[in-house]
Amino acid sequence: MAYYKAIGALLLITAFNWSIPAHAQKKLYQYVDPMIGSEGLGRVFVGPSCPFGMIKPSPDCTSDPNSGWLPDPAPVTGFSQVHVSGTGGGPKYGNIQVMPFVGALNKTEQSSMRGDEHVALGYYGVTLKKNQIKAEITAAERAAIYQFTYPEKAQKSLKIDAGFFLGEQPEPDAREAQQFVGSEIEMVSVYEVRGYSRIRGGWNNGAAYTVFFDAVFDSPVTTYTTWKGNKLYPGKKQQFDAGEKTGALLAFKNSLSDTLKVKIGISFISELKAKENIDQEIPHWSFERVLGEVQKKWEALLSRIEINDDATSDQKKLFYTGLYHTMLMPVDRTGENPLWTVDKPYYDDFYAIWDTFRSSNPLITLISPKREIEIVNALLNIYKHDGYMPDSRSGNYNGRTQGGSNAEVLIADAYVKKLPGIDYNLALEAMLKDANVSPGGNEEKEGRGGLTDYNKLGYVSYDFARSGNRTLDYAYDDYCIAVVAKGLGKDKIYQRFLKQADNWRNLWRDDYQDHGATGFIMPRDAAGHWLDHIVYGEANNQHPTFKYTPLTREFPWYVCHWCAFLYEATSWEYSLSIPHQVPVVIAKSGGKEAFRRRLDTLFDNKYYNVANEPSFLTPCLYHWIGRPDLSSQRIRQIIAKNYNTSHFGLPGNDDSGAMSSWLSFQMMGLYPNAGQSYYLINSPLLKQSILHQENGRDFRIIAKKLSDENIYIKSASLNGKPFNQAWIEHEDVAMGGELELEMDDKPSAWGTGTLPPVKY
């Protein structure tokens with residue numbers, strides 16, 4: 001099998017080139033299983049990719065799935081070059097599809113069932129049963145190489161489809177569906193084909209984007225047929241863009257080899273830039289060399305966090321796959337921005353910051369602060385040229401906003417963790433644009449929807465969609481603005497936004513009781529009235545309603561999902577999602593004992609859903625009542641129930657690594673309160689984690705006597721000195737050192753005295 005030959009050759013090639021700690025018997029990338037979370041709700045991308053890589057080749061199993069891949073028995077329609085990972089909503093991308101086949105060039109449909117599917121970091125391989133062709137893929141940053149092994153003496157043929165894309169719907173302008181705009185294809189020579197695909201829409205309802213490509217072959221084309229629309233044109237070298245789908249069918253010269261290699265470069269600038277990407281990244285024809293290079297890039301990042309050698313195989317798989325998923329998106333398109341040209345970082349596919357700010361971006365900051373600096377600078381680059389920072393962005397177009405203007409949290413997180421090389425004055429300007437200037441008619445694209453309401457009333461009224469979580473998000477975003485303004489000496493701005501950080505209280509209904517808990521975030525109209533019943537429909541003579549309660553998870557089917565009071569969670573969950581004022585929430589809930597009962601009810605009654613990002617911090621809230629042991633109990637229960645190494649091993653849409661980064665943090669025993677400067681300390685699932693930081697300093701977390709029984713922290717020391725608080729500042733981590741945790745089989749008084757900080 002060609003895959004195993006490739007791996008064998010790779011080991012010989014790289015044995016003397018990789019600088020990995022001497023004790024490592026197995027490369028860390030070998031613990032990554034891209035198939036974890038590929039089925040069910042996870043929707044992760046399974047093909048090869050460099051860290052934050054622009055090209056993401058993968059099989060497309062019909063045009064429906066977001067990531068392209070589906071399990072058997074879905075057929076493979078081909079392999080396209082651009083995909084996203086872990087997303088919900090409508091599909092995006094799926095551009096420039098190739099498909100090998102055998103025989104005559106007389107039809108465009110070449111779908112095949114598959115067998116012998118092999119997936120590993122940097123590698124995808126499968127046998128296409130229809131013609132018994134072995135297809136293998138690996139990738140560089142912006143170019144991929146395919147290796148197709150045909151049956152002996154078979155006619156080697158290949159389809160290149162410039163018109164294919166994911167999410168096509170028969171209804172014109174269907175919401176969240178991608179729409180075809182145009183495509184073009186050209187036979188440049190017997191060794192080269194180029195063209196482009198232009199598509200619009202998708203989950204973010206974006207403007208048209210164009211993926212240019214260049215494809216080169218290691219064997220000459222002998223005959224070819226191009227197509228436009230539904231008509232084949234034998235021998236015609238090119239099909240110009242006339243608003244119809246185009247493509248080419250190619251037959252290759254018979255030779256002693258049954259293998260055809262194809263290199264494909266993509267670009268968002270031009271076809272020649274796509275060709276340049278091939279020339280720069282894959283100037284040779286060695287599949288094994290490209291595979292080795294992508295593995296080496298991942299190894300360099302994965303090895304930034306070293307865990308104990310005697311961790312179980314499942315622990316290693318879950319941890320390192322979590323790191324891997326976290327670094328698939330956003331996508332580094334520096335130098336590939338078709339909208340403006342500057343010598344600045346450019347990243348796309350923020351999908352969405354609402355999902356990633358809580359744990360994904362803080363994890364990137366630990367692994368590679370230089371990368372997080374680039375990401376923040378890319379947000380500011382977008383602000384300078386597009387007018388707003390995105391909450392989501394795809395296909396070079398902002399949208400959609402799910403809640404707040406959450407780029408504010410990324411900026412505050414970078415600021416309090418002292419990341420250099422960011423113009424924080426410009427960042428504050430961008431934050432203030434979000435807070436002061438309404439985006440007008442397209443509130444789903446960027447900025448703050450309902451901003452006039454929010455700045456006038458102190459909350460977003462029910463006149464606006466998602467008014468509940470928008471109010472909560474804006475209050476926390478305002479806190480983040482206050483943090484940066486204070487640091488920059490902008491006292492007037494600081495005072496205003498510190499006050500606005502309290503605005504969540506204006507939707508807190510103090511006297512509302514449900515299942516033993518008191519006080520909930522509830523809908524309110526512009527006149528200040530609480531809404532127990534929600535009006536739906538637009539009839540003039542009838543005004544039907546439905547009752548709203550703190551357990552209303554989704555609005556009824558006849559009410560717009562995107563228009564709900566709270567997005568993707570209930571008030572039971574959102575009422576605890578106030579990360580900057582947890583002590584106030586505790587007081588409003590009736591004090592520590594009442595708050596503990598409230599948390600216990602949330603978990604025991606299964607009102608908590610780890611698949612909802614607003615609940616990511618919630619298991620750690622016991623810290624604020626002096627019971628970090630209870631936080632650790634809940635976290636272990638959540639992980640045991642919801643995470644595993646199977647294809648169904650993620651509890652919800654991975655959302656650009658959100659679900660995965662939450663797990664990796666908790667396995668180390670740390671969890672960030674994003675936008676603030678500290679990490680909460682929980683009982684680790686790993687005996688040891690060593691952060692090999694970019695600054696050259698190591699930070700070690702050791703859990704002594706950790707076992708299935710000893711899951712509680714009895715005592716702790718930091719750099720040899722007693723450490724009695726259940727949280728640690730980022731600065732202490734960045735300075736390097738050792739956090740030693742003494743584990744026991746019963747709770748102790750550790751961490752109960754000095755509660756997590758509240759900073760203003």
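Are Asp-478 and Arg-448 buried or exposed? Both Asp-478 and Arg-448 are buried, where buried means under 20% relative accessible area, exposed means over 50%, and partly exposed lies in between (1.4 Å probe, protein chains only). The model is predicted: local features need pLDDT of at least 70, side-chain atom pairs count only at pLDDT 80 or more, and totals for chains, interfaces and linings use all residues. Residues are numbered from 1 along each chain as its sequence is written, and side-chain values use heavy atoms, with hydrogens and water left out.

**Salt bridges**

- The structure holds 39 salt bridges, each a side-chain nitrogen of Lys or Arg within 4 Å of a carboxyl oxygen of Asp or Glu.
- Asp-478 pairs with Arg-448 in one of these salt bridges, with the closest N and O atoms 3.0 Å apart. This pair links distant parts of the chain, 30 residues apart: Asp-478 sits in helix α11 (residues 467-487), and Arg-448 in the loop between α9 (424-436) and α10 (451-457). Helices (H or I, at least four residues) and strands (E, at least two) are DSSP runs, numbered from the N terminus.
- Lys-245 forms a salt bridge with Glu-168, and their closest N and O atoms are 2.8 Å apart. The two are 77 residues apart in the chain: Lys-245 lies in the loop between β14 (238-239) and β15 (246-252), Glu-168 in the loop between β8 (156-161) and β9 (178-189). Lys-245 is partly exposed at 26% relative accessibility, and Glu-168 is partly exposed at 36%.
- Glu-740 forms a salt bridge with Lys-704, with 3.9 Å between the closest N and O atoms. Glu-740 is in strand β33 and Lys-704 in strand β29 (residues 698-704), 36 residues apart. Glu-740 counts as partly exposed at 24% relative accessibility, and Lys-704 is partly exposed at 35%.
- A network of salt bridges links Arg-175, Glu-176, Arg-400 and Glu-444.

**Sheet**

- Six strands form an open sheet with mixed pairing, in the order β17-β28-β29-β33-β30-β31. β17 (305-307) and β31 (721-722) are at the edges with a single partner strand each, so one side of each has no neighbour in the sheet.
- Two strands pair if DSSP finds at least two bridges between them. Strands β30 (residues 712-718) and β33 (residues 737-744) run antiparallel and are joined by six bridges.
- Ser-715 has Glu-742 in β33 as its bridge partner.

**Pockets**

- A pocket is found on a 1 Å grid over the protein atoms alone, as an open set of points where a 1.4 Å probe fits, with protein on both sides within 12 Å along at least five of seven lines; lining residues have an atom within 4 Å of a point.
- The largest pocket has a volume of about 490 Å³, the volume being the space filled by probe spheres set on the points.
- Its lining has 26 residues, and Gly-88, Gly-89, Tyr-567, Glu-568 and Asn-653 lie nearest the centre. By class there are eight nonpolar, nine polar and nine charged residues. Ala, Val, Leu, Ile, Met, Phe, Trp, Tyr, Cys and Pro count as nonpolar, Asp, Glu, Lys and Arg as charged, and the others, Gly among them, as polar.
- The second largest pocket holds about 360 Å³ of space. It is lined by 19 residues, with Lys-417, Lys-418, Leu-419, His-730 and Ala-734 nearest its centre.
- In the second largest pocket, α18 gives the largest share of the lining, three residues. This lining divides into eight nonpolar, five polar and six charged residues.
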